[in-house]
Amino acid sequence: MPITITTTTPVANQRKLCCALHTEFLSKQPGLCKLGELLFGGICVGLMITYGTPVWMTLGIAYPLFLVNSSAALLFTSVSLFCYLISEHTYRAIRTTVLAWTNCDLRANSDQSEDSILSAAN
């Protein structure tokens with residue numbers, strides 16, 4: 001009886017779904033921050049609609065301003081998260097613009113620059 005040895009090579013991007021989605025983005029710090037922004041924006045809009053709508057007259061101008069602001073942030077976050085998941089190229093292209101300076105992206109970039117400075121010093 002012959003002995004058969006089977007070897008498998010690991011696939012570099014096993015987290016890609018149907019080779020079309022950039023799902024490994026969700027496991028990195030900017031992806032987790034985007035998910036956090038989406039969750040926080042959803043909570044804000046949900047609370048404003050649930051508890052603010054019945055008493056919107058007593059809240060004054062603050063209610064519509066906060067509702068518009070949180071709705072716009074929720075919309076932008078969900079559209080950008082969708083774009084990041086659809087295309088890795090879009091994720092890399094947007095990270096090089098002004099949008100990379102917002103929220104967690106700035107912190108992620110500063111951590112990388114400190115590491116590169118420390119490694120260059122050694």
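Is the crossing of α1 and α3 left-handed or right-handed? Hold that thought while we get our bearings. You're looking at a predicted model, where local features need pLDDT of at least 70, side-chain atom pairs count only at pLDDT 80 or more, and totals for chains, interfaces and linings use all residues. Residues are numbered from 1 along each chain as its sequence is written, and side-chain values use heavy atoms, leaving out hydrogens and water.

Now bring in α3, residues 62–86. The axes of α1 and α3 come within 9 Å and cross at roughly 150°; axes are lines fitted to C-alpha atoms over the stretch in contact, with angles from 0 to 180 degrees between N-to-C directions. And the crossing is left-handed, meaning the near helix is turned anticlockwise from the far one by less than a right angle. Among the residues making the contact (heavy atoms within 4.5 Å) are Lys34 and Leu38 of α1 and Leu81 and Tyr84 of α3.

Leaving aside neighbours within four places in sequence, Leu81 touches Phe25, Leu26, Lys34, Leu35 and Leu38. Leu81 also belongs to the largest nonpolar core, with Phe25, Tyr84, Leu85 and Tyr91. Such a core is a set of buried (under 20% relative accessible area, 1.4 Å probe, protein chains only) Ala, Val, Leu, Ile, Met, Phe, Trp, Tyr and Cys residues joined through side-chain atoms within 4.5 Å.

Notes: Buried < 20%, exposed > 50% of the residue type's maximum accessible area, 1.4 Å probe, protein only. Helix = DSSP H or I, 4+ residues; strand = E, 2+ residues; numbered from the N terminus.
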